[in-house]
Amino acid sequence: MNELINLFLTFAKLGLLAFGGLQVVLGEFQREVVDVHGWLTNSEFLEVYALGQLSPGPNMLFSILIGFKVAGLPGAIAAGLGMFVPTTVLIIVAASFWHRLSDNYWVQAIQRGLVPVALGLMFAAAYTIGRIGIHDARGLIIAGAGVALILSKRVSPFVIILLAALVGLVLPWDA
Amino acid sequence: MQSTEQTAPPEAGQRVPALQVGLTFLKIGMTAFGGGLSAHFYHSVVESKRWVDPRTFLEGMVLTQIAPGSNVTSLAAFLGMRMSGLGGAILAAFGVVVPGALFMIAISPFYLAFQDLPEVNRILRSIASVAVGLLVAIAIQAARDGNHTRAGWGIAIATAIAFGVFRLPLWLILLTIGPVSVWLHRPSAIK
């Protein structure tokens, strides 16, 4: 029971800190899930993140897989509720008084001010996750191919992950 | 209630039955693989069904970018709220989250049972590597497309070092660097 409350609170906290999308807060996810709680190893964290990108719907759904690993189905539910319920309640409350506020001076300041912070966090996430996710030349090549394919804007992330899965299966990992 | 008839799409701003809102978002939640959900929302509720006017949609985008949480879930809840009040908001958020949540729950036992199998392990290591590539690519795109000021770059670098190197918790960064950045980016400071 303690573990369930722990999962709920951790993911509620991550949800409430998550502005600007998953990529911005992925480093904080890794810090909490791997470094603070030790629920997953670094490579498991990356695997679960990548699997989450194959799911339909919000990309933060991989929280559910983490919860499942920690405490089975109840854990999955606790993590999912923590991830989505508090922030949805918050937005419903905010939507009730949010009328034409986007012209507001400070709303514009916050909107613009958060952009560089988000950018810095994305760099930090790429750096942290890169250090734990790339072990050898093959990993580097696959990651590089992923960067090139995304920047070409011709292939969706979903297809790229499926391609990577195929490459992993077909080519022997350890040369 | 002729507003619900197919032949006469309701004008933007009119109230839509919550159940209809929920089903619309459920359909998107089931079929939208690989992100980009907000584009699907726009196409469905603004362009095709015309339940929401573009201006309201934009307001929702602004709010949900500032507000914490899964952006697409929040946007669904915001649009649901505008279209049919609390019931619509709850059903819209549910519709977006539940299909994927069931998918994740369904694959979880398989992941745990087979993650150490050599073939599965090879696949997982490969998709973990490509996931790193996706993160790098997103960071590059954000750096290129953002039209950042010199102050913005300073903030971005400070944030990257504080979080990536010193591993300070995110809440601390948001409470320290955040306000500085907001001050530097206030409209009168930029124009």
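A helix, as the word is used here, is a DSSP run of H or I that covers at least four residues, and helices are numbered from the N terminus. In this predicted model, that numbering places E44(A) in helix α3 of chain A, which takes in residues 42-52.

When contacts in chain A between residues at least 6 apart in sequence are considered, 61% of them join residues at least 24 apart. The accessible surface of chain A is about 7,000 Å², with 68% of that area belonging to carbon and sulfur atoms. Chain A carries 9 positive and 9 negative side chains, and the centres of these two sets are 12 Å apart.

Chain B is built from eight helices and, again, zero strands. Its C-alpha atoms fill a box of roughly 60 × 60 × 25 Å along the principal axes, and its radius of gyration is 21 Å, whereas a compact globule of 191 residues would have a value near 16 Å. Of the residues in chain B, 47% count as buried, and its charged side chains comprise 13 positive and 8 negative ones, with the centres of the two sets 10 Å apart.

The interior can be approached through its nonpolar residues. In soluble globular proteins, nonpolar side chains tend to be buried together. The largest nonpolar core in this model has 73 residues, and those that touch the most other members are F11(A), L26(A), F29(A), F45(A) and F62(A). Apart from that core lies another, of 33 residues, which includes V62(B), A67(B), L75(B) and A89(B). Leaving aside residues up to four places away in sequence, F45(A) touches several residues, among them V33(A), L40(A), I66(A) and I129(A).

Is E44(A), by its relative accessible area, buried or exposed? E44(A) counts as buried because its relative accessible area is 13%, which falls under the cut-off of 20%. With residues up to four places away in sequence left out, E44(A) touches K69(A) as well as Y111(B) and Q115(B). Finally, E44(A) and L162(A) are 118 residues apart in sequence, while their C-alpha atoms are 18 Å apart in space.

How values were computed:
Residues are numbered from 1 along each chain as its sequence is written. Chains are lettered from A and ligands numbered from 1 in the order in which they are written. This is a predicted model: local features need pLDDT of at least 70, side-chain atom pairs count only at pLDDT 80 or more; totals for chains, interfaces and linings use all residues. Side-chain values use heavy atoms; hydrogens and water are left out. Helices (H or I, at least four residues) and strands (E, at least two) are DSSP runs, numbered from the N terminus. The radius of gyration is taken over C-alpha atoms; the globule rule is 2.2 Å times the number of residues to the power 0.38. Buried means under 20% relative accessible area, exposed over 50%, partly exposed in between (1.4 Å probe, protein chains only). Lys and Arg count as positive and Asp and Glu as negative; His and the chain ends are not counted. The place of a charge is taken as NZ of Lys, CZ of Arg, CG of Asp or CD of Glu. A nonpolar core is a set of buried Ala, Val, Leu, Ile, Met, Phe, Trp, Tyr and Cys residues joined through side-chain atoms within 4.5 Å. Contact means heavy atoms within 4.5 Å. Accessible areas come from the Shrake-Rupley method with a 1.4 Å probe; for residues, only the protein chains shown count as cover.
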